[in-house]
Amino acid sequence: MLNLAGYGPQLLKGTMTTVELSLASLAVSFVIGLLGASAKLSKSRLLKGSATLYTTFIRGVPDLVIMLLLFYSLQIWLNDFTDWVNNTLQTIMSCPPGTSIGWPFSANASAWLAAHVTQWVNDPNGPEYALPLDPFTSGVITLGFIYGAYFTETFRGAFLAVHKGQLEAARAFGMKPGLVFRRILFPQMMRYALPGIGNNWQVILKATALVSLIGLTDVVKVAQSAGEATFRTFYFISMAGVVYLVLTVISNGALLLLERKYSVGVRRAAL
Amino acid sequence: MIEILQQYWKPFLWTDGYNITGLAMTAWLLVSACGIGFCLALPLAIARNARNPLIWFPVWLYTFIFRGTPLYVQLLLIYTGVYGFGFVQHNEALNEFFRQGLNCTILSFGLNTGAYTTEIFAGSIKETNHGEVDAALAFGMSKITLYRRVIIPSALRRALPVYSNEIILMLHATTLAFTATVPDILKVANDAYSQTYNAFDAFGLAAMMYLCVSFTLIFMFRKAERRFLAFLQP
């Protein structure tokens, strides 16, 4: 029925990449969001200030600009770093064994370390292959960093919505802070945070399309190249759109189930 | 940083000598897209709340498709996909329209923000207090007068906070225009980067410009909210 001109398997692979990228970015931004919300609610001025700066900056600047900024800068920083390591190692290795070079290790250990690190830095494919900074990893880092700011705001609101009495009661039971978070704060906070999480997830899912601009072969990229090869661009790009629609519908269903799970024991007003 | 500023301050702000570029182009994209979106959304939001499924279902389908797919995919579809059809290439007017990156960009941005705006306006129309509608009907207003005098003014006011959010998101989305060779702020930054290989300064400068525009918009909307939503202030 749907033969996709032989590009079916590639489109499926691209779809898997998109889903993996979205899930990985969701995980990273979730953790950053929890940390950011804790920082915003902490008593330390420094933590509060830096978290506010982070969220204001990220939410005021387009995600594509941040993505390009980080993607190209990360590469340049990485190259600078490997150059620096190379130069340092060269000086170390040129020293005769046994001399002191103001380095905390013995000369023999330094030479051993230097040999290994040089091998790694001078990988034939270039240092960016030796260090895992492919488009996928860059995408996860940048998307996680960007949507961490949105999650920070979501979680901050949700943390504030949990009744103080609940936490006091937990502490009165003798629970340690970790246990209070795990058993009392987190499950109740999730109920208030779920609508926001659902929104952010939909946005992340769609934002992954941007990562094809920095060279990831996700579903959009596959559709584009398939369209160029077969001169049926409209058809293949529409297929990519259909993939996103299906993913949206599936995640809507999953969110509904999660919402039901986290609102167990909540009484709704009968209207 | 200084060299980039010296060489690129003019393209970053309004022109590269031939075309409108940078901030002026970004502003034009934002204004035209939001204008199209607003004009689309107002009638569609009313249709979205209709009782007849033949009326609300097409509108729902439109918002579902345009909100469920990435804007980048929509832009690709309109910019590269539509031009592949024979009838578009052979029709002179269509050919002229779809060959221009700027036209395709504005069309896809307008359709996209129109879908989000429709849902925003439809939500606030639906939330209109039933007492206001009853009172208007008791005054003997016709359906059109009811919408023109009571429902629309109050719904647009109540939609303002959410709508301002959508405008900010649209500003962020205009950055995609550079993939269709439209010379907005990001395109100028990209040119500056490919000439100097100084990614941090080139894109950092663009980030600062977008931050300033965002803050200006937020400030303006806060003023507008204080004025138009005065009746909701505690």
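## Briefing: chains A and B of a predicted model

In chain A, 73% of the contacts with a separation of 6 or more join residues 24 or more positions apart; two residues are in contact if their C-beta atoms, placed from the backbone, lie within 7 Å. This is a predicted model, in which local features need pLDDT of at least 70 and side-chain atom pairs count only at pLDDT 80 or more, while totals for chains, interfaces and linings use all residues. Residues are numbered from 1 along each chain as its sequence is written, and chains are lettered from A and ligands numbered from 1 in the order in which they are written.

**Chain A overall**

- Chain A has 10 helices and zero strands, where helices (H or I, at least four residues) and strands (E, at least two) are DSSP runs, numbered from the N terminus.
- Of the 271 residues in chain A, 31% are buried, meaning that 20 or more other C-beta atoms lie within 10 Å of the residue's own; 12 or fewer makes a residue exposed, and anything in between partly exposed.

**Where A meets B**

- The interface brings 29 residues of chain A into contact with 29 residues of chain B.
- On the chain A side, the elements giving two or more residues are helix H2 (45-60), helix H3 (63-94), helix H9 (219-230) and helix H10 (233-262).
- By class, that side has 20 nonpolar, seven polar and two charged residues. Ala, Val, Leu, Ile, Met, Phe, Trp, Tyr, Cys and Pro count as nonpolar, Asp, Glu, Lys and Arg as charged, and the others, Gly among them, as polar.

**Helix H3 of chain B**

- B:Val59, B:Thr63, B:Phe66 and B:Gly68 are buried in H3(B).
- The buried residues of H3(B) pack against H10 of chain A, together with helix H2 (22-48), helix H4 (71-81) and helix H7 (101-126) of chain B.

**The H10–H11 pair of chain B**

- Helix H10 (residues 185-196) and helix H11 (residues 199-228) of chain B pack at about 165°, with their axes 8 Å apart. Axes are lines fitted to C-alpha atoms, for helices over the stretch in contact, and angles run from 0 to 180 degrees between N-to-C directions.
- H10(B) and H11(B) are therefore roughly antiparallel, the word for angles over 145 degrees.
- Their contact has 12 nonpolar, one polar and no charged residues; B:Ile185 and B:Leu186 are among those from H10(B), and B:Phe203 and B:Met209 among those from H11(B).

**A backbone detail**

- B:Thr181 has a positive phi of about 60° although it is not a glycine.
- B:Thr181 sits in the loop between helix H9 (143-173) and H10 of chain B, and counts as exposed because it has 12 C-beta neighbours inside 10 Å.

Terms used. Angles under 35 degrees count as roughly parallel, over 145 as roughly antiparallel, 65 to 115 as roughly perpendicular and the rest as oblique.
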